[in-house]
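Take a walk through this model, from a loop to paired strands and then to aromatic rings.

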Amino acid sequence: MNQQLAGYAPTAAAARMENHGSAMLKVAMATGQDLFARTGSVVAYEGFIQYEPNPPAVRQIASSWVTGEGAPLMKCSGDGLLYLADYGADVVVVHLDNDALSVNGTNVLAFDAHLQWGVERVKGMAKFAGQGLWNVQISGTGWVALTSRGTPVVVDCGRGDDETYVDPDALVAWSPGLKVKGKRSFKAASLIGRGSGEAYQMAFSGQGIVVVQPSEDSTDRLRIRH
C-alpha cells in the first residue's frame, strides 16, 4: 500500500510557490515571508504555521470592496510547508517581476503579503454598469496563485492589431496595461456566452495577456459598486 501511494508524497520545495498536482498549491513558508491566502483554503501544513483571519490590512482595503466581489483573505505566517486548494480547481502559479496582474477576486488563491494590492476600477466599462466594474490588482515582485475551473488558456494580445474578445464569465485575469472595453452584440449571441438574446463581451487590446478558464461561472464575475 505504501509503495502504491509513494508517488503522491510531497517533494522538497524548489520555489516559494509551486504546484503539487494540478489542483493543489505548495507554499514554502519562512519567518518574515508572510502570505495572504483565501480563507478556508488550507488543506494541510507542516511545521509551525499561524494564521490571522481578517487582518487589518485586509479590513482597510475591504472597506471599499463590493460585497461578494471576491473571497475574504487571511494572513499566514511561520515556518514550514503550507498546502492550499479551492474545491478541486486548477491552480496557476505566477511570479511577478516588477509587474502587475488584474484578477477576479473569486480567482485569487494566495499571494505574497509584501506585494501591493487593492481593488481597482475596470476602465472602459462604466457605460455598461452604471458606476463601473471593479477587480483586484496585484503588483510588485513576488508570487501569486490563481484558481481556474479547468486548465486555462493564456492569450497573448500583443500579436496584432485585432482585439481579443472574452466571455466575462470565463475571465480569470489580465495585464492591467491592456485597454478594456465592453461590447454588446446581437449577432454574437450564439457565439460567446450561454445566455440568449444579446451577447456581452469584454474586448482587450494592446500589449499583455488574458487568462481564460474553460468553465463559465454562474455568478457575476465582475460586480457593480453601488
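Tyr 87 sits in the loop between strand S5 (73–84) and strand S6 (90–103). Strands here are DSSP runs of E, at least two residues long, numbered from the N terminus. The model is predicted: local features need pLDDT of at least 70, side-chain atom pairs count only at pLDDT 80 or more, and totals for chains, interfaces and linings use all residues. Residues are numbered from 1 along each chain as its sequence is written, and side-chain values use heavy atoms, without hydrogens and water.

Tyr 87 is not a glycine, yet its phi is positive, about 50°. Its relative accessible area is 82%, so Tyr 87 is exposed (over 50%; buried is under 20%, partly exposed in between, with a 1.4 Å probe and protein chains only). Asn 98 lies in strand S6. Its phi is also positive, near 50°. Asn 98 is exposed too, at 67% relative accessibility.

Now the strand pairing, which takes at least two DSSP bridges between two strands. Strand S10 (residues 153–156) runs antiparallel to strand S15 (residues 209–212), joined by 4 bridges. Asp 156 has Ile 209 as its bridge partner. S12 also pairs with S15, antiparallel, over 3 bridges. There Leu 171 partners Val 212.

Last, the aromatic rings. Rings of Phe, Tyr and Trp (its six-membered ring) pair if their centres lie within 6.5 Å; planes under 30 degrees apart are stacked, over 60 edge-to-face, the rest tilted. The count is 4 aromatic pairs. Trp 174 and Phe 204 form a tilted one, 5.4 Å centre to centre with 55° between the planes. Trp 174 is in strand S12 (residues 171–174) and Phe 204 in strand S14 (residues 199–205), 30 residues apart. Both are buried. Phe 36, Phe 111 and Trp 117 form one aromatic cluster.
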